[in-house]
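Visitor: Hi, could we walk through this one together? I'd like to start with the terms.

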Amino acid sequence: NLPMTIYINWFALKIFGNSSWGFRLLDVSWLVLLGGITFIYLKKKSTLAALIGFSLCLTLGENATNFGAFQRETMMLPFWMLSLISYDRIRLGKSEIFHGFLLGIYICISILIKPTGLLLLFFILISLLWIKISESKFSLKETTQFYFSIFVGGCLVLFLSILPFLIHGTL
């Protein structure tokens with residue numbers, strides 16, 4: 001397992017306990033968290049879409065995995081949704097550097113759960129570059145600063161995730 005999977009499970013075990021009831025609470029809590037983030041994301045589009053998205057997220061544990069439990073795919077989805085929220089705010093021109101930093105954090109966390117997040121990173125970076133070029137808003141300085149903010153956010157997460165291993169000399 002990748003580092004973020006271990007940290008999320010460790011943190012969840014500290015909160016919910018190491019029992020079958022604790023694991024069920026963890027699964028339900030994570031699905032409610034994902035549903036809440038999905039609701040926030042879709043609320044701008046329509047309330048009905050937000051309610052449907054929230055409801056579908058609650059069924060994800062049973063429908064998305066073979067085991068119907070807390071899997072890495074389910075673990076990374078809230079971070080993908082947060083990435084999409086940052087992506088939308090960047091497209092609207094709201095504080096590109098700050099939301100780029102958050103985007104780097106969210107995507108790096110998802111990559112450290114499961115490397116599939118690299119696909120999301122690739123598509124978002126290409127999409128944002130394409131939008132800047134097609135809207136004639138391309139400035140090398142601003143684009144470099146923006147991509148650097150994504151890089152810094154990702155590096156911060158990477159550094160913090162390996163820090164305990166460095167401290168204990170196990171890396």
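Guide: Happy to! Buried means under 20% relative accessible area, exposed over 50%, and partly exposed in between, with a 1.4 Å probe and protein chains only. This is a predicted model, so local features need pLDDT of at least 70 and side-chain atom pairs count only at pLDDT 80 or more, while totals for chains, interfaces and linings use all residues. Residues are numbered from 1 along each chain as its sequence is written, and side-chain values use heavy atoms, with hydrogens and water left out.

Visitor: Great. Is Phe-123 buried or exposed?

Guide: Phe-123 counts as exposed, because its relative accessibility is 53%. Phe-122 has 48%, so that residue counts as partly exposed.

Visitor: Which residues make the nonpolar surface patch?

Guide: Leu-119, Phe-122, Phe-123 and Ile-126 make a patch of about 430 Å². Areas come from the Shrake-Rupley method with a 1.4 Å probe, and for residues only the protein chains shown count as cover.

Visitor: And where does Leu-119 lie?

Guide: Leu-119 is in helix H7, residues 117–134. Helices (H or I, at least four residues) and strands (E, at least two) are DSSP runs numbered from the N terminus.

Visitor: Switching topic: how many aromatic pairs are there?

Guide: Five. Rings of Phe, Tyr and Trp (its six-membered ring) pair if their centres lie within 6.5 Å; planes under 30 degrees apart count as stacked, over 60 as edge-to-face and the rest as tilted. Trp-30 and Phe-79 have ring centres 6.2 Å apart and planes at 55°, so they are a tilted pair.

Visitor: What does that pair link?

Guide: Distant parts of the chain: Trp-30 is in helix H2 (residues 20–43) and Phe-79 in helix H5 (residues 72–91), 49 residues apart. Both Trp-30 and Phe-79 are buried. Phe-122 and Phe-123 also pair, edge-to-face, at 5.4 Å centre to centre with 65° between the planes.

Visitor: What about Ser-83, buried or exposed?

Guide: Ser-83, in helix H5, is buried because its relative accessibility is 0%.

Visitor: What is Ser-83 in contact with?

Guide: Beyond neighbours within four places in sequence, Ser-83 is in contact (heavy atoms within 4.5 Å) with Leu-103, Tyr-106, Ile-107, Leu-120 and Ile-124.

Key
Patches are made of residues with over 30% relative accessible area and no salt bridge: like charges are joined within 9 Å, nonpolar side chains (Val, Leu, Ile, Met, Phe, Trp, Tyr) within 5 Å. A salt bridge is a side-chain nitrogen of Lys or Arg within 4 Å of a carboxyl oxygen of Asp or Glu.
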